[in-house]
Amino acid sequence: MAQKHSSLARILSFAGTYRPLTYTGLFLSAAAQAAGMVPYLCIWLVVRDLVAAAPDFSSASGIARYGWIAFGFATGGILVYFAALMCTHLAAFRTASNIRKRGMEHLLKTSLGFFDSNGSGLLRNKLDGAASETETLLAHNLADIVGTATMFVAMLVLMFVFDWRMGTSCMVSVVVSVSMLCMMMSGKNAELMLLYQTAQDEMAKAGTEYVRGIPVVKVFQQTVYSFRAFKEAIDNYSRKAEKYTDGVCKFPQSVNLTVTEGAFIFLVPLVLFLAPAAILQGNFASFVTDFAFYAVFSAIISTSLAKIMFASSGTLLASTALKRIDTVMNAPILPQCKNPKEPIGNGIEFSHVTFTYDGNDRPALCDVSFVAESGETVALVGPSGGGKTTAASLIPRFWDTDEGEVKVGGVNVREIAQKVLMEKISFVFQSSRLFKISILENVRAARPEATMEEVMKALHEAQCDDIIEKLPDGIDTVIGSEGTYLSGGEQQRILLARAILKDAPIVVLDEATAFADPENEALIHAALRQLTHGKTVIMIAHRLSTVVNADKIIVLKDGRVAESGTHESLKDAGGLYAGMWAEYNTAAQWKIQKESL
Ligand code: ADP
Ligand code: MG
């Protein structure tokens, strides 16, 4: 329970200046419920006056007044309830948007690598989920809980105001009902309930998996085996459900239902017992009206109790929402240097860099050192898993090194202000994506203040003219909208246009592994020439034809620099690179032969 309260408090802490509005909303909701009870009270007063006046009904003069009071409170109650919901909704929307904003602010401070390994869609789902749960909770559930609780308390007070003896007899039902509910939910029974709920969740999961697996089942003609897990989950659920209902709920729930549904159980005998005295005292008429009150309203008290119990399960939303918020808020922050230094020039230097991914035992990079002078092109080559992508991603600080330094313009990247570093580097990685916005906006994302001409020029230099031409709305076509399909090579070219527009002095490139067709390949090479002209370039090349002209080639294998040098020197050295070169040439020749057939 304490846990629940603290999570609610934490959720409310996101409301900021709107927090008082939540409280106002809750207060108004309570007031509306209280006002809503007045008409019932008026009905009872009317009955009382009529009974008292009988048989001369014309002497019951206050009835019309009760009618107006009832009308006034009923209308007022509705208006106040509207106002209450207005407040809670305003506060809930603000809280939800604050959760989104704070989450986003936090994510802006995390490392780029965190996104690579977590999937931005997943993170967005987490934030969206948390925000919408918070909305439901703050806008509706809390107001309902507070309103019902008010009604409950008001009923209790009324019960004792009219006739404490009948009130007590109704309270007996309430006490019995509450203790039965507590009995079902406490101690060892709570564990059984948890087992039951877990079994229910597992059944749902197994069901989903089964349905997801249907294509596989059909293809491989598996029927019995794939079904088994699902059936076991159902059987398990049925056992747990039986155990919980039969072992735990049978007795208390029967008693609970008996006393709540039959609210008269204690009331009727009591009234029969008290009636003779009332007749003797001559106030039988008011006795009957009191009885009418209890007979009608004692049922409300149990219903409202059940409602509170039901609604309070809504506060569970608070902890689910918090869990989601925490996954986002606990994302590691990339530390920012307090006194950033200005990089001088555009050289890049790796000095004794060692880096291990979280959760891996083997370092992805081990004691890697190399230099790319300002304006040089350095190619990273080597077998898959050698550490090329990792090395490239340390330059824009996707991750921080464990040991050693990565320097840009002679300054450790950790000591460069993030904005400055980002302005200095264009990177096109294999994991780079286009946004689901128009091509114009996609390219302009690199430099929002760029003019239309500049964007068109970048697209032209990236050899995108044919793409724009064939699309229905040209440069305004929204990527991913119906009917627009871009091949991998075409997407790559638009990404290159974005990098060209950015015009940063350092370019870090992870070349796509396979361009589908030679035509695309030629276009991409033309685009790359435009992008890298006069820049410091770190490029990961998968086809050695692109690295022949590099100023320096670094061969990475198992996270270490195996060899380095120019194409010529490495080819003659007869090592790993020479082997790769020979292999590449054989493959190329084989391709040419095949094509000339
Ligand atoms: P390359 O680009 O040369 O193929 P990578 O830099 O992608 O090599 O990978 C180097 C090593 O780091 C590999 O062993 C790979 O499994 C590991 N690795 C790469 N990315 C991640 C990641 N996000 N999380 C954990 N390990 C990773
Ligand atoms: Mg790679």
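The following exercises, each with a worked solution, concern selected features of a predicted model.

Residues are numbered from 1 along each chain as its sequence is written, and chains are lettered from A and ligands numbered from 1 in the order in which they are written. In this predicted model, local features need pLDDT of at least 70, side-chain atom pairs count only at pLDDT 80 or more, and totals for chains, interfaces and linings use all residues, while side-chain values use heavy atoms, with hydrogens and water left out.

**Exercise 1.** Determine how many salt bridges the whole structure holds, and describe the one between aspartate 235 and lysine 231.

*Solution.* Begin with the criterion: a salt bridge is a side-chain nitrogen of Lys or Arg within 4 Å of a carboxyl oxygen of Asp or Glu. A search of the whole structure gives 19 salt bridges. In one of them, the side chains of aspartate 235 and lysine 231 meet at 2.9 Å, N to O. Helices (H or I, at least four residues) and strands (E, at least two) are DSSP runs, numbered from the N terminus. Finally, consider accessibility, where buried means under 20% relative accessible area, exposed over 50%, and partly exposed in between (1.4 Å probe, protein chains only). Aspartate 235 is partly exposed at 30%, and lysine 231 is partly exposed at 43%.

**Exercise 2.** Locate the partners of the salt bridge between glutamate 415 and lysine 341.

*Solution.* The two side chains meet at 3.0 Å, N to O. This pair links distant parts of the chain, 74 residues apart: glutamate 415 is in the loop between strand E5 (411-412) and helix H14 (418-424), and lysine 341 is in the loop between helix H12 (316-329) and strand E1 (348-355). Glutamate 415 is partly exposed, with a relative accessibility of 28%. Lysine 341 is also partly exposed, with 45%.

**Exercise 3.** Characterise aspartate 503 by its salt bridge with lysine 535 and by its phi angle.

*Solution.* The side chains of aspartate 503 and lysine 535 form a salt bridge of 3.0 Å, N to O. Aspartate 503 lies in the loop between helix H18 (488-502) and strand E7 (506-510), and lysine 535 in the loop between helix H19 (518-532) and strand E8 (536-540); the pair, 32 residues apart, links distant parts of the chain. Turning to accessibility, aspartate 503 is partly exposed at 49%, whereas lysine 535 is buried at 11%. As for the backbone, most residues other than glycine have a negative phi. The phi of aspartate 503, however, is near 55 degrees, a positive value.

**Exercise 4.** Describe the position and backbone of aspartate 367.

*Solution.* Aspartate 367 lies in strand E2 (residues 365-372). Its phi is near 50 degrees, which is positive although the residue is not glycine. With a relative accessibility of 41%, aspartate 367 is partly exposed.

**Exercise 5.** State how many disulfides the structure contains, and classify cysteine 42 and cysteine 87 as buried or exposed.

*Solution.* A disulfide is a pair of cysteine sulfur atoms within 2.5 Å. The search of the whole structure finds 0 disulfides. Cysteine 42 is buried, at 4% relative accessible area, and cysteine 87 is buried, at 14%.
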